[in-house]
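Student: I would like to go through this model by question and answer, starting with the ligand. Please show it.

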Amino acid sequence: MKIFIDSADIKEIREVAGWGILDGVTTNPSLVCKTGRPFKECVQDILAAVNGPVSVEAVSTDSSGMIKEGEDWAKLDPDKVTVKIPMTVEGLKAVCGLTERSIKTNVTLVFSMNQALLASRAGATFISPFVGRLDDISQDGMDLIHDIVGMIDDYGFDTEVISASIRHPLHVIESIRAGCHIATIPYDILLKMTKHPLTDAGIKKFYEDYQKIPRT
Ligand code: G3P
């Protein structure tokens, strides 16, 4: 499974890129807002730091506005920029238009199989089902990931599924079990994924024993 970071914080993104595990980045207006920085400046820094798709959200509500935003963002880096499009009728039209222009898309705020089917048929490069937000309303988000990945595999669609709105390391493990193509993971959860108490205990013991080895 490929790993994206779900963040607009350039320090976090550079740090994780340095681990050698980063395949891409997803952002949204809420994440950019948290940085306190101008949107374009944020995106330019991320594009320079990462060798992979960078999802940038369109905020227009009509398809022509979304396409215009997408064209403008794509000028920054046509290979990496992926335009994040909300799952609406206008969004589907925008995905179709951007696909015709060879601009990558990530259909976001996907909460059902039907939405996933429509986004995929419209030509979405990626679709992002939001696991945590479904869990929040007592619907198992991981069930949706299983169903959508099954559909993509059964029909041989080209769209890749991004497990999004991940809230804890178990969501990542379940995404792997579901055969999901990508998980977009917040920085604090990536850090948790590095940890295991037996690793810490092992390092401590090896260091203690190393200190006891006679020096020549
Ligand atoms: O990738 C989508 C993500 O940013 C939403 O996460 O935790 O706000 O539901 P959350």
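Student: How far is an oxygen atom of the ligand from an N or O atom in the side chain of Asn 28?

Tutor: This is a predicted model, in which local features need pLDDT of at least 70, side-chain atom pairs count only at pLDDT 80 or more, and totals for chains, interfaces and linings use all residues. Residues are numbered from 1 along each chain as its sequence is written, and side-chain values use heavy atoms, with hydrogens and water left out. A polar contact is a pair of N or O atoms within 3.5 Å. For Asn 28, the distance from a side-chain N or O atom to a ligand oxygen atom is 2.9 Å.

Student: Which residue has a polar side-chain atom 2.7 Å from an oxygen atom of the ligand?

Tutor: The residues around the ligand (a heavy atom within 4 Å) include Phe 130, Arg 133, Ser 165 and Thr 184. Asp 6 has a side-chain N or O atom 2.6 Å from a ligand oxygen atom. The 2.7 Å distance belongs to Ser 165.

Student: How much of the accessible area of the ligand does the protein cover?

Tutor: Accessible areas come from the Shrake-Rupley method with a 1.4 Å probe. On its own, the ligand has 310 Å² of such area.

Student: Which strands form the closed barrel, and what is the average twist?

Tutor: Strands are DSSP runs of E, at least two residues long, numbered from the N terminus, and two of them pair if DSSP finds at least two bridges between them. The closed barrel has eight strands with parallel pairing, in the order S1-S2-S3-S4-S5-S6-S7-S8. From one strand to the next, with axes fitted to C-alpha atoms and angles from 0 to 180 degrees between N-to-C directions, the twist averages 30°.

Student: What is the bridge partner of Ile 127 in S7?

Tutor: Strand S6 (residues 126-129) runs parallel to strand S7 (residues 160-163), and two bridges join them. The partner of Ile 127 is Val 161.

Definitions and conventions: Helix = DSSP H or I, 4+ residues; strand = E, 2+ residues; numbered from the N terminus. Polar contact = N/O pair within 3.5 Å; in protein donor to acceptor, adjacent residues only side chain to side chain.
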